[in-house]
Amino acid sequence: MGRSSSGFVAGLTAAALAAVGFLAYQASATAPSPAELAAKPTTPSTAPSATASGKPKPSKDPLALPAASGSGERVVYALADRRVWLVNAKNQVTRSFSVMPSTVNPPPGAYAVTSRSGAVRGSDGVQIEHVVRFATVQDVSVGFSAAVDGSTPEPDPSRKTGGIRMKRADGDALWTFAVIGAKVVVVA
């Protein structure tokens with residue numbers, strides 16, 4: 001090879017190195033940082049776990065009625081899940097919805113609806129409707145209600161309130177379902 005061909009090879013080598021350098025830069029710019037890699041689980045969290053038989057273990061449905069919630073027609077309120085289920089006499093869920101708990105919670109157990117109010121001002125000063133009371137804890141009445149303005153904000157932790165808030169449509173359904181004496185089951 002002559003001088004011109006060695007210059008050509010040198011030019012190709014330089015171009016190849018530049019291309020590899022550019023691709024390496026692009027890869028490093030889009031790759032996750034070591035901190036991001038450390039924060040991610042090494043196995044996919046959505047994959048079902050296997051049982052001893054090797055069959056996948058079914059995932060728990062977060063909307064499923066809690067197993068230890070009694071039987072028959074009832075309102076089920078799960079404290080940890082912040083969810084309510086309306087259950088008919090055949091143990092079928094007719095409606096389920098999320099709620100915003102109050103600062104005072106009833107202990108797990110079975111209760112009965114003791115009073116109802118169509119529209120009042122809540123202990124937090126908010127105008128509410130379809131109030132369904134079922135417990136008294138620390139001299140605070142505990143019950144379900146919906147804010148007339150449709151809001152479900154976190155309650156002020158410095159105040160003792162018993163209003164378990166829900167959306168207005170859910171409040172309408174609970175109002176129709178939970179008459180005086182209706183069973184309310186609270187689960188952890």
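Rings of Phe, Tyr and Trp (its six-membered ring) pair if their centres lie within 6.5 Å; planes under 30 degrees apart count as stacked, over 60 as edge-to-face and the rest as tilted. The legends below describe a predicted model, in which local features need pLDDT of at least 70, side-chain atom pairs count only at pLDDT 80 or more, and totals for chains, interfaces and linings use all residues. Residues are numbered from 1 along each chain as its sequence is written, and side-chain values use heavy atoms, with hydrogens and water left out.

**View 1. An aromatic cluster brings together Tyr77, Tyr111, Phe134 and Phe144.** By the ring rule there are three aromatic pairs. One of them joins Tyr77 and Phe144 edge-to-face, with 5.8 Å between centres and 80 degrees between planes. This pair links distant parts of the chain, 67 residues apart: Tyr77 belongs to strand β1 (residues 74-78) and Phe144 to strand β7 (residues 140-147). Strands here are DSSP runs of E with at least two residues, helices are runs of H or I with at least four, and both are numbered from the N terminus. Tyr77 counts as buried because its relative accessibility is 0%; buried means under 20% relative accessible area, exposed over 50%, and partly exposed in between (1.4 Å probe, protein chains only). Phe144, at 1%, is buried too. Phe134 and Phe144 make a stacked pair, 5.0 Å centre to centre with 25 degrees between the planes. Phe134 lies in strand β6 (residues 127-137) and Phe144 in β7, so this pair ties together parts 10 residues apart in sequence.

**View 2. The largest nonpolar core holds 25 residues.** Such a core is a set of buried Ala, Val, Leu, Ile, Met, Phe, Trp, Tyr and Cys residues joined through side-chain atoms within 4.5 Å. Val75, Val84, Leu86, Phe134, Phe144 and Leu174 have the most contacts inside it. Elements giving two or more residues to this core include β2 (83-87), β8 (163-166) and β9 (183-187). Leaving out residues up to four places away in sequence, Leu174 touches Val75, Val84, Leu86, Phe97, Val132, Phe144 and Met166, where contact means heavy atoms within 4.5 Å. A second, separate core has six residues, among them Val76, Ala78, Val87 and Val187.

**View 3. Asp170 sits in helix α3 (residues 168-177).** Asp170 counts as buried because its relative accessibility is 9%. Apart from residues up to four places away in sequence, Asp170 touches Arg95 and Phe97.

**View 4. Arg116 lies over the face of Trp175.** The distance to the ring centre is 3.6 Å. A charge sits over a ring if NZ of Lys or CZ of Arg is within 6 Å of the ring centre and within 35 degrees of the ring normal.
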